[in-house]
Amino acid sequence: MGLSEGLIFRDRKVLAEQYIPPELRVRRREATFLVRKLLSRFSEGRAGDVVAIFGSPGRSGIGKTTLTKYVGYKLEELARQRGIRFKFIYTNVYSAPSLYEILTVIAGQLSPRINLKGSSTLEALKAIVDYLYEKSYYVLIAIDEFQNLVNSPKVDDAYLYSLIRIYEQVPPPDGIPRISYLLVASDYLVFSKLRSKMPQIESQITFRQHLEPYRVDEIYEILEQRAQLAFYDNAWNPKILEIIASYYGVDGTGIKDGNARRAINALNTAAEYAEFEGSNVIMEEHVRKALSVDSMANVSAQDLEGLSIHELLVLLAVAQHTMRSGEPLTTGRLRQLYKEIAEYYGETPRGHSQFNQYINNLASIGLLNVTPSGKGMRGRTSIIQLPVEIPATALYEVVEEIIKRKTGIGVRNWI
Ligand SMILES: Nc1ncnc2c1ncn2[C@@H]1O[C@H](COP(=O)(O)OP(=O)(O)OP(=O)(O)O)[C@@H](O)[C@H]1O
Ligand SMILES: [Mg+2]
């Protein structure tokens, strides 16, 4: 029964990374605004907007690419209905790292007739502008991961300038600007970089859309839409979505990274566990397992393997305490727990200064958070806890496993 088809999934591709939902329930306002703004320009025969979409440093999976593609496809649909000749072109600087490669992608998506072989950047730009004029086509060119283009030593500032301010370089014969840009950047740092390197481009940006990491309610809505499309109606319930949403939402109680990609992945993994077990319903235990597997991705296996046995024992003590109480603990209390655990594993607990050294080391590689204690406590007591992104239960299991392997518990009598 375990591998039989059809108990959980109605349509797997809905949970795939590249899937763009037919409607955006979250970010609908932003999408509608951008679509209206850009469409009105095409209808009026005066494109040439440069719009920027950007997130916050260190945040990923917050819908930058999704919003971009959704806006592009929606524009194609509306333009078709209104008889406007329009094309959306998506380029990504990861897969097209030089300007010439970007131009090749643009030309390739426009028409196989545009041949850029052997042409200079300026000639390539001219070929594109001429083609659009001939066909009276409007285009929206999205450049995703735009910060890589700005930061790349391979990209000449002057060329980037001529791409974005294309009409100064190659004016269209009829004077009608037909190209608009959507520059998609990871965060606002790209603007200060532009300002210092190419202020003319920065001042060209007509509109900036900042995207925040997702809140719990937003992740819930995104997941609900996917669940409705991907699973059979009886295979899921709101509770499992709530657990995932509050784990990833920035205002939730889990790792708070606001990342919709990780949330959708966790839902997919949970569904696969359910399917694998032959269950016809995704249950809380499947979700918890998926979350704990995902969150251990925050911990480097190499870091853990590199720890001494006593450091592992200290970590195990913190994980165990956190699982039981969910509270932080003092160094004094931790030392006591460490001693008990060390003795259990047949190891002689180390002295005070060594113990402090372990704590410092674990803190320096980000496995523990150590803060000086507040008032009312004597001496140099600190408060110790696991970083919020490390789940106690999953950590406990992994560390215990390594300790057993390293101490050879169970086999030590034969050695
Ligand atoms: N508003 C939304 N509605 C539905 N799905 C969404 C939404 N935002 C993001 N997603 C989904 O979350 C995943 C990640 O989104 P996306 O790739 O757009 O993020 P990103 O900000 O471009 O991430 P990165 O910084 O890694 O490029 C995708 O699978 C996407 O379908
Ligand atoms: Mg992206």
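Biologist: Which residue in β3 does Ile89 stand opposite?

Modeller: Ile89 stands opposite Ile141 in β3. The model is a predicted one, and what follows should be read with that in mind. The two strands concerned are β2 and β3 (residues 138-144), which pair in the parallel sense over seven bridges.

This pair belongs to an open sheet of five strands, in which the order is β2-β3-β4-β1-β5 and the pairing is parallel. The edges are taken by β2 (86-92) and β5 (207-210); each has a single partner strand, so one side of each has no neighbour in the sheet. On average, and ignoring direction, neighbouring strands of this sheet are turned by 15° against each other. In general, the strands of a sheet pair through backbone hydrogen bonds, and the pairing is either parallel or antiparallel.

The other kind of pairing is found in a second sheet. There, three strands in the order β6-β8-β7 form an open sheet with antiparallel pairing. Its edge strands, β6 (329-330) and β7 (369-372), each pair on one side only. Strand β8 (residues 382-385) runs antiparallel to β6 and is joined to β6 by two bridges. Here the facing residues include Thr330, which stands opposite Ile383 in β8.

For the chain as a whole, the domain assignment gives domain 1 (27-210), domain 2 (214-298) and domain 3 (301-414). The centres of domain 2 and domain 3, taken over C-alpha atoms, are 30 Å apart. Six residues from domain 2 and seven residues from domain 3 make up the contact. On the side of domain 2 that touches domain 3, two residues are nonpolar, three are polar and one is charged.

Next, the helices. Two packed helices are described by the angle between their axes and the distance between those axes. Helix α4 (residues 121-135) packs on helix α6 (residues 157-164) at an angle of about 10°, and their axes are 11 Å apart. That angle makes α4 roughly parallel to α6. In this contact, Thr121, Leu122 and Leu125 of α4 meet Tyr159, Ser162 and Leu163 of α6. By class, four of these residues are nonpolar, two are polar and none is charged.

Helix α15 (residues 309-325) and helix α17 (residues 352-364) pack at an angle of about 75°, with 10 Å between their axes. Angles of 65 to 115 degrees count as roughly perpendicular, and α15 and α17 are therefore roughly perpendicular to each other. From α15 the contact uses His310, Glu311, Val314 and Leu315, and from α17 it uses Tyr358, Ile359, Asn361 and Leu362. The residues of this contact divide into five nonpolar, two polar and one charged.

That leaves ligand 1. Its shell draws at least three residues from each of domain 1 (27-210) and domain 2 (214-298). There are 19 residues around ligand 1, and those that come nearest are Ser60, Gly63, Thr65, Thr66 and Ala260. Two helices, α2 (64-82) and α12 (260-276), each supply at least two residues of this shell. By class, the shell around ligand 1 has eight nonpolar, seven polar and four charged residues.

Note on methods:
Residues numbered from 1 in each chain as written. Chains lettered and ligands numbered in written order. Predicted model: local features only at pLDDT ≥ 70, side-chain atom pairs only at ≥ 80, totals over all residues. Near = placed C-beta within 6 Å. Helix = DSSP H or I, 4+ residues; strand = E, 2+ residues; numbered from the N terminus. Nonpolar A, V, L, I, M, F, W, Y, C, P; charged D, E, K, R; others polar. Domains from an automatic or database assignment. Pairing = 2+ DSSP bridges. Axes fitted to C-alpha atoms, helices over the stretch in contact; angles between N-to-C directions. Parallel < 35°, antiparallel > 145°, perpendicular 65-115°, else oblique. Contact = placed C-beta atoms within 7 Å.
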